[in-house]
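Thanks for making time this morning. I would like to walk through one model with you, element by element, and I will give the cut-offs as the terms come up.

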Amino acid sequence: MDDRAKNQAPPSWPELRQRGDAFLREIPQDDFAATVLAGAFQVGESRNPIRGNLCAAAIREVAGHVLHALAPDSRVSKCCWYKQEPKTKGPTRQQRAIYIVQGGLPIDFVTNTLKLDHKAVCRPLIKAMDRLNRATHVREETILTDDKEIRRLVDDALSGLLDVFAATRECQEEVHKQLADEIHDAVFDTFLTETLQELDELSTHTTVDDHYVSEVRVLNVDEEFINIVANGTVYVELQYGSGSDLRNDMGAVISDSYPYSARVKSKVRSPSEIIKETVDVSVDNRSFYE
């Protein structure tokens, strides 16, 4: 912690609870984290003579739980960038935080292509956890009673966790920007080369003219794949009757458009290449029947 941070007053307990709520919104299904965090606030605001140590222990457990839940050993150890550190039995806390942010994406891709430095983003959380570790040991000389210091510990840990989640979103945003053209082409190729039941059933002969991608979201980046969903609109030409029917004014051709959703994958080791076999497009044709 720098001198400026030391001199700044830490957030109040109500403000910290708001920060805690923001953190829990990132992991809405995690009842354990919510329970332990509630306990941390309750003891932190109490008159318990060792409340600072107990609060630090609870916050440490919350942070450690999140790191292990979102970055389990089995996934982190398979990343191309993973290297077991000396005197450790598995991934370090920093390696887990990095995995949460970038999954198995190669370090050079993240650094040189995405222009991101997530080791720097994760560092404050790791430092906060080191301080929490020291505060959890109740000794005569380590009893933590200063309310400002207790609040500062809680603030640093929660801020560090929130920074990791923010960096995760930033990484996903940059990945989707890098893949925008590839996603567009992969989906269009699927429209042109595969028969989609939702479109084929609309006319005698359905032709795809074009499509527009309106939204791309990276669902997650794990140790092997980048999982992406794209939403957009496909523009089609619906032909009724054969070619000869059209020439004899017995058929018709109309233009229409329909929303679609597509799921695609890319390998983290080759993040700029969409895996063609994984492209799964679903067209919503309900408006045709309405």
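Let me begin with burial: a residue is called buried when its relative accessible area is under 20%, exposed when it is over 50%, and partly exposed in between, with a 1.4 Å probe and protein chains only. This is a predicted model, in which local features need pLDDT of at least 70 and side-chain atom pairs count only at pLDDT 80 or more, while totals for chains, interfaces and linings use all residues. Residues are numbered from 1 along each chain as its sequence is written, and side-chain values use heavy atoms, with hydrogens and water left out. Helices (H or I, at least four residues) and strands (E, at least two) are DSSP runs, numbered from the N terminus.

With that in hand, please look at helix α6, residues 93-102, where eight of the ten residues are buried. Those buried residues are Gln95, Arg96, Ala97, Ile98, Tyr99, Ile100, Val101 and Gln102. They pack against α4, α5 (73-76), α7 (107-113), α8 (118-136), α9 and β1, where contact means heavy atoms within 4.5 Å. Just after α6, Gly103 takes a positive phi of about 60°.

Is Glu223 buried or exposed? With a relative accessible area of 15%, Glu223 is buried. Its side chain makes a polar contact of 2.9 Å with the side chain of Arg75, and another, of 3.3 Å, with that of Tyr99. A polar contact here is a pair of N or O atoms within 3.5 Å; within protein, one must be able to donate a hydrogen and the other to accept it, and residues adjacent in sequence count only if both atoms are side-chain atoms. If we leave aside neighbours within four places in sequence, Glu223 is in contact with Arg75, Lys78, Cys79, Tyr99, Gly104 and Val268.

Turning to helix α3, residues 31-44, we find 14 residues spanning 20 Å from the first C-alpha to the last, close to the 20 Å expected at 1.5 Å a residue, the expected span being 1.5 Å times one less than the number of residues.

Of its 82 residues, Phe23, Leu105 and Phe191 touch the most other members. Helix α9 supplies the largest share of this core, 17 residues.

Finally, the cysteines: how many disulfides does a search of the whole structure find? It finds zero, taking a disulfide as a pair of cysteine sulfur atoms within 2.5 Å. Cys80 has its closest cysteine sulfur in Cys79, at 6.9 Å, which is too far for a bond. Cys171 is likewise in no disulfide, the nearest cysteine sulfur being that of Cys122, 11 Å away. As for accessibility, Cys80 is partly exposed at 34%, whereas Cys171 is buried at 1%.

Definitions and conventions. A nonpolar core is a set of buried Ala, Val, Leu, Ile, Met, Phe, Trp, Tyr and Cys residues joined through side-chain atoms within 4.5 Å.
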